[in-house]
Amino acid sequence: MPTDRRPALHASVLDDLGRQVATGELAPGTVLRIDQLDERYGVSRSVVREAVRVLDSMGLVEARKRVGVRVLPSTSWNVFDPRVIRWRLDGPGREQQLLSLGDVRRGVEPVAAELAAARATPDQCGALMGAVMQMAVHAKSGDLEAYLVADQLFHSTLLAASGNEMLAALSDVVGEVLAGRTHHDLMPTTPNPLAVRLHGDVAEAVQSGDGAAAAAAMQAIITEASDALRDAESQ
C-alpha cells in the first residue's frame with residue numbers, strides 16, 4: 001500500500017467508526033473484530049488498528065486481545081475532544097448536545113471575557129475588532145461560511161486573550177459548537193444583527209478594560225445563541 005494513502009485511509013476509517021459510536025449506531029457493549037473491520041473498509045489490518053487506537057484514547061472503545069473492540073458507554077468518552085463533539089452533532093441528539101455545550105460556554109466564556117479586559121494585548125484587541133467587522137460584512141452579504149470563520153476567530157482570540165492557557169485550550173471546543181449550528185442548519189440563514197452587535201460590545205469592553213461589561217455582553221451572546229437554537233427546534 002503506498003505510504004501516501006495511509007493517512008487518508010486512517011482518517012476515513014476513524015471518522016466512520018467514531019461517528020457510528022458517537023451517534024449510537026453502534027450501541028455500548030457491541031464487540032467488533034479487527035479482521036471484520038479490515039474486510040468492511042477494504043484496508044489493511046494496521047490501518048484499522050491505528051483508527052481503533054485513537055478511538056481507544058478517546059474512551060469510545062476498548063480493545064482487548066482475544067476479546068475484540070468493545071464499544072464503551074458515553075460516560076467513558078472524552079466529551080471535550082473536538083472530534084467527539086463533531087461526531088455527536090451528526091446524530092439525532094445534536095440539538096441537545098448543542099444546548100449542553102452552551103451550558104459549558106456559559107461557565108467559561110464570560111470569565112474569559114472578564115479576564116481579557118484586564119490582559120488582552122493591543123494586537124488581540126485589534127483582532128477582536130477586526131473579527132466583528134468581518135462578521136458584520138458577511139452577515140449583510142449572507143455568506144454564512146465566511147461569517148462562521150470570523151465568528152470562530154473572535155472566540156478563539158477572546159479565549160487566548162484571557163491569558164489563561166486552560167481557557168485558551170477550549171478554543172477548538174467552542175469552534176465546533178459554532179460550526180455545528182451552521183452546518184446543521186440550526187441558525188438563521190441570515191445572522192441575527194443582535195449577535196453581531198453583542199460581539200462588538202464585548203470587543204469594545206475588552207478594549208476599554210471594562211471586565212464587568214465584557215462578561216455581561218458575552219453572557220448575552222450565549223443566551224441569544226441558546227434562544228435561537230430553541231427557536232430552530234420548535235419549527
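By class, three nonpolar, six polar and one charged residues make up the lining of the second largest pocket. This is a predicted model, in which local features need pLDDT of at least 70 and side-chain atom pairs count only at pLDDT 80 or more, while totals for chains, interfaces and linings use all residues. Residues are numbered from 1 along each chain as its sequence is written, and side-chain values use heavy atoms, with hydrogens and water left out.

**View 1. The second largest pocket holds about 160 Å³ of space.** Its lining consists of Ala22, Thr23, Trp77, Arg88, Gly91, Pro92, Gly93, Gln96, Gln97 and Ser100. Helix 5 (residues 94-119) gives the largest share of this lining, three residues. A pocket is an open set of points on a 1 Å grid over the protein atoms alone, where a 1.4 Å probe fits, with protein on both sides within 12 Å along at least five of seven lines; lining residues have an atom within 4 Å of a point. Ala, Val, Leu, Ile, Met, Phe, Trp, Tyr, Cys and Pro count as nonpolar, Asp, Glu, Lys and Arg as charged, and the others, Gly among them, as polar.

**View 2. The largest pocket holds about 200 Å³ of space.** Among the residues that line the largest pocket are Ile34, Arg49, Val52, Arg53 and Ala63. Helix 3 (45-58), strand 2 (61-64) and strand 3 (68-71) each supply at least two lining residues, and helix 3 gives the most, with three. The lining of the largest pocket has four nonpolar, one polar and five charged residues. Helices (H or I, at least four residues) and strands (E, at least two) are DSSP runs, numbered from the N terminus.

**View 3. Helix 6 (residues 122-141) and helix 7 (residues 144-161) have axes that come within 8 Å and cross at roughly 160°.** Axes are lines fitted to C-alpha atoms, for helices over the stretch in contact (heavy atoms within 4.5 Å), and angles run from 0 to 180 degrees between N-to-C directions. Helix 6 and helix 7 are therefore roughly antiparallel (over 145 degrees). Residues that meet include Leu128 and Met135 in helix 6 and Phe154 and Leu158 in helix 7. By class, this contact of helix 6 with helix 7 has 14 nonpolar, four polar and one charged residues.

**View 4. Helix 7 packs with helix 10 (residues 193-208) at an angle of about 30°, with their axes 12 Å apart.** Helix 7 is therefore roughly parallel (under 35 degrees) to helix 10.

Definitions and conventions
Points joined across faces, edges and corners; volume = space filled by probe spheres on them. Parallel < 35°, antiparallel > 145°, perpendicular 65-115°, else oblique.
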